[in-house]
Amino acid sequence: MSRYDAWAHPRLAAQVLRTRRDGQSEVTVRVGSLQGAQHVLRLEQAIHGLPGVRRVSVDAAAQRVRVVWDSNRTSLPALLKAFASMRCDARPLRSDSAIDARARDAHDMLKRLLVAGMFAMQVMTYAFVIYIGVVDFVDFTTRGLFRWLSMLSTVPVVFYAAHPFTMGAVRELRERRLGINLPVALAVWLVFIASTISTLRGAGEIYFDSVSMFVFLLLAGRYVELRARHRSVSLGDAVIDSTPLLAERRAPDGRLETVPAAELLAGDRVHIAEGSVVPADGVLECDVVDVDESLLTGESLPVTRRRGERLVAGSVLLTGPGQLRVEHFGDDTVVARIGELSTRARQARDAVLPGTDLQLRLFVARVLLLTLATAIGWLLVDPARAFASAVAVLVIACPCAFALTAPAALTRALGVLAQRGVLVTDSAALTRLERVDLAVFDKTGTVTTSQLALADVEVFGDTSPVTRLAEAAALARESSHPVARSIAQASVSHTWLQAHGVLVVPGEGVRGRLDGRDLRLGRVEFALPAGMAFDERVWLADDDGALAAFCLREELRADAARTLDALRQHGITPVLASGDAPTRVAGIAQMLDIVEWHARQKPADKLSRLQQARHDGHVTLAVGDGTNDAPVLAGADVSAAIATGTDLAQAHADLLLLHGRLHGLVEAREISRQIRQVIAQGRRWSLGYNLCAIPFAALGLLPPWLAAIGMSLSSLAVVLNAWRIGREDQQPPVLHA
Amino acid sequence: MNIILVLIPVTLLIVIVAIGIFFWAVNHQQFDDLDSPGVLPLMEEDPVRPDVPTPPAPAEESEPH
C-alpha cells in the first residue's frame, strides 16, 4: 500500500476536495521541487493527459498546483501517483487555501486596468482633436460631438475601472477615518462631474483625458504592487506548506511513525511529547497531563486532564508524555483550529506597521486642507482658474506613495525572509530587531545541533550496553528534549521495549516503569538521589543503583561561528545561557569566542537575566529551540526559535529559523535595517516631491494631466524601491524538499 | 468629413470587441503564467505520459467519449 492510498478514504478526501457546480472535483496540492519552467510544463502536460482532467494551473512560486477533474474517472490517489511519477511529490492541501481569492483579485485588477487603458486612449484621441482645434474650423456642433464622445468614453473608466477607489472611499467615510482612497475618489469624481456639467452646458473646460489617464496610471501602479505582493505571499506559502503539523502515531507493534496530522483516522493511537500540539480531538489514555488550552479557550492557566477525559486538538501539552486515542478527525472545526496554528505566520503578513496609519491620516487631512486653501485663494484672485489648480493640488499631493511605502517594504521583506528560511510570526518584531544589542543564546539544540552523538556507554553490572541503551531509549522516546531524542535514536536494539507511567521532569530527566522496575534517566542527581560525585553524563538507574552512564558529544551548528561573528559586527553582544554543566558551556563558549556565559541556568534564571538586561536599557533577543524554553523566549524583546518540521506549529517565537539555519538571524537583522532605510527613503521622497510640485500646482502652472502622471510615477518608484530589499546581499534561496 | 460619423462608432465597436476578447482571455487563465510558455518552443521531446499504475477500469468503460 503506497502512502497515497490513504487519500482514498472519503473523509480524508473531503478535507481537500471541493466539488464544483458543474460536478467536477477540484484539489490544490503542494508539490515538491519544481526544476525550472520545462519541468513545470511537462508536469502540466502529464497531468492534463490523465483521463478526466479538465484544468491544471501551476503556481511555481508557491509550489502549488490546482487540478480540476472528474474524480469518477481518475481517483485522488491515482492523481497523486501521477505527480510522483513525474518526480514531483504531491501532498493535497486543505480545500480553503487562499489561492483562488488571489487569482480572482489579480484578474479583477487586470480587467479594470485594461478598460481604463483602452478608453483613456480613446478619450485622448478626442482630446487631441479638440486641442489642435481641427474641428473648430468645421463648426461648433462637431466640437460638441467630440466633447460628448469624450464623456461617454470616460463613463466606463469612472464607473467600472475606478470602482475600487470609490468603494474604498465610501468604506473609509463610513468608518470615519481618512484613508488613501478618499483623495483619489474625490479627485476622480470632482473632475468627472465638473467636466460633465461643462459638456451639458456646452461651455467651459473639460478634463476627461486627465481623469481617465489618472485612473489608468493609478491602476497600473496598484497592479504592479498587487503582483509583487502575491509573489511574496506565494514564496511564504511555499515555506509554510512545506511544514505541516505532524503527529506521532503508534503502530500496532508499538513503534512510532510520523504522519501528517491531517491523515489521522479515528481509533489511531497518538503519542504526544511534552511541549507538543495535540494533533486531533480524542480521549486521554495515560494517567494525567497538564494542558495549555489558551489558544482555544483563552484560559491562560494550565488545565489538568486525567485518563478518559477529552483532549482538544490545538491545545499544547505542558507535562508529558501523553497518549491519545483519536475520536474525531477531518471535522471542519478541528481542522480549522489546527490550521490556525500554522497560519499564524500568514496572518503577520497582513499587519501594517503601527504608527503609519496615524501619520497617513494626518497626511490626508493636510492634503485636503491644502486643496481647499488653493481653491479659496484662486476664487479670490481669479475664479476661472480655481478649479483646475485645486484639482492639480489634490492629485499631486495624494499620499499614494506615502501609503504604499510601509506595506510594500514589509511584504517584500517577509517574502524574502520566508524564501531564506526565516518565518516571521510578528511583523512588529522585525522593526524591533533592528535595535537589538544583546542576544541570549541557549546551547543545546541552538548553537549546537539538536542531534547529539553517543560517544561512550559505561555499564555497571554484567548486562550488555545494547540492552541498557534499549531501556534508556524506552524512557527517552517519551521526551522531546534534544538529549532524550538523541539517546532514543542511538538505540540499535531490535527489541522494542515499552515503558509505562512515564513522567517527564523538565530540566531533570524522565522516570517510568519497565518490566516491573522503576527506572530513571537523566542528570546524576535525578537518577541517583542517594548522592554521588558530580558527573556530567546522562545516567540510567533503578532503585538499586546505577545501571549505565551515557556520554554524549555535542557538535556546533555549521553556521554558528559565522552567525555570531556577523552579529558582533552588527554590534550585538552574544551571551550563552545554558542549563548544562560549566565545563561544557565554557568549552562551547570558547569555541565561539563568547565572553559572557552562564551555566546551570534554570528557565527562571534565564528569565531574570533577560529582565535585568532590559532594565539596563538593552534591547534583547532570545534564541532557543522554541519548545523547552517558551517562557524565556516570551521574556525578550524579540524571540527567535530554531524550528524543524514537527516543532514549527508550536514554536512560540517572533522569528522561526527553518532548516536549522542559525544564520537566518543575521539575514533578518540585515533585512530589518533595509526596511527602515526603504521606509525612510519613501517618506523623504514623497515629502520632497510634494514640496517641489505643490507650489507649481497651487499657482496653476501644472495642468491636471501632468499632475496625474507625476503622482503615479512617484507611487511606482516607491513600490520598485521596496523591491530592492534583499537584493544587495545575493544569497541563494534555501532549497527545501 | 461625414466619414467621421461612420468611423467613430467603428472604433468604439473595435474597442468593445477587444475588451470582450481580453476579458475572455483573463477568465481562462491566459495571463496567470507568463514565464513557462516562453520555453515551450525549446522543448524537443514529446510530452511524457505518466504511468498510472491502477487506472479505474470500470469508470473508463462506462464513460461515453
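A residue is taken as buried if 20 or more other C-beta atoms, placed from the backbone, lie within 10 Å of its own, as exposed if there are 12 or fewer, and as partly exposed in between. The model described here is a predicted one, in which local features need pLDDT of at least 70 and side-chain atom pairs count only at pLDDT 80 or more, whereas totals for chains, interfaces and linings use all residues. Residues are numbered from 1 along each chain as its sequence is written, while chains are lettered from A and ligands numbered from 1 in the order in which they are written.

Helices (H or I, at least four residues) and strands (E, at least two) are DSSP runs, numbered from the N terminus. On this basis chain A has 26 helices and 27 strands, and chain B has two helices and zero strands. Of the 737 residues of chain A, 48% count as buried, whereas the figure for the 65 residues of chain B is 2%. With a contact defined by C-beta atoms, placed from the backbone, that lie within 7 Å, residues 24 or more positions apart make up 69% of those contacts in chain A that have a separation of 6 or more.

Helix α3 (residues 76-85) of chain A is mostly covered, with eight of its 10 residues buried. These buried residues are A:Leu76, A:Pro77, A:Ala78, A:Leu79, A:Leu80, A:Lys81, A:Ala82 and A:Phe83. After α3(A) comes A:Arg87, which has a positive phi near 55°.

Strand β26 (residues 638-642) of chain A has five of its five residues buried, and it is therefore largely enclosed by the rest of the structure. A:Val638, A:Ala640 and A:Ile642 point one way from β26(A), A:Ser639 and A:Ala641 point the other way, and all are buried. Strands are regarded as paired if DSSP finds at least two bridges between them. Strand β25 (residues 620-624) of chain A runs parallel to β26(A) and is joined to it by four bridges, with A:Ala641 in β26(A) as the bridge partner of A:Gly624. Strand β27 (residues 655-657) of chain A also runs parallel to β26(A), through three bridges, and here A:Ala640 has A:Leu655 in β27(A) as its bridge partner.

An open sheet in chain A is formed by six strands in the order β17-β22-β21-β20-β19-β18, with antiparallel pairing. Its edges are β17 (453-459) and β18 (500-505) of chain A, each of which has a single partner strand, so one side of each is left without a neighbour in the sheet. Neighbouring strands of this sheet are turned against each other by 15° on average, direction ignored. The antiparallel strands β18(A) and β19 (residues 509-514) of chain A are joined by four bridges, and A:Val505 stands opposite A:Gly509 in β19(A). Helix α19 (residues 482-490) of chain A lies across β17, β19, β21 (538-542) and β22 (545-553) of chain A, and runs at about 100° to β22(A).

Axes are lines fitted to C-alpha atoms, for helices over the stretch in contact, and angles between N-to-C directions run from 0 to 180 degrees. Angles under 35 degrees count as roughly parallel, over 145 as roughly antiparallel, 65 to 115 as roughly perpendicular and the rest as oblique. Helix α15 (residues 400-419) and helix α25 (residues 664-698) of chain A pack at an angle of about 165°, with their axes 9 Å apart, and α15(A) and α25(A) are therefore roughly antiparallel to each other. Among the residues that make this contact are A:Phe402 and A:Leu410 of α15(A) and A:Ile671 and A:Trp685 of α25(A).

The axes of helix α14 (residues 386-396) and helix α26 (residues 704-722) of chain A come within 8 Å and cross at roughly 5°, which makes α14(A) roughly parallel to α26(A). The residues in contact include A:Val391 and A:Val395 of α14(A) and A:Pro704 and A:Met711 of α26(A).

A:Leu372, finally, has its place in helix α13 (residues 356-381) of chain A, and with 13 C-beta neighbours inside 10 Å it counts as partly exposed. The C-alpha atoms of A:Leu372 and A:Val393, which are 21 residues apart along the chain, are separated by 9.4 Å.

Conventions:
Two residues are in contact if their C-beta atoms, placed from the backbone, lie within 7 Å.
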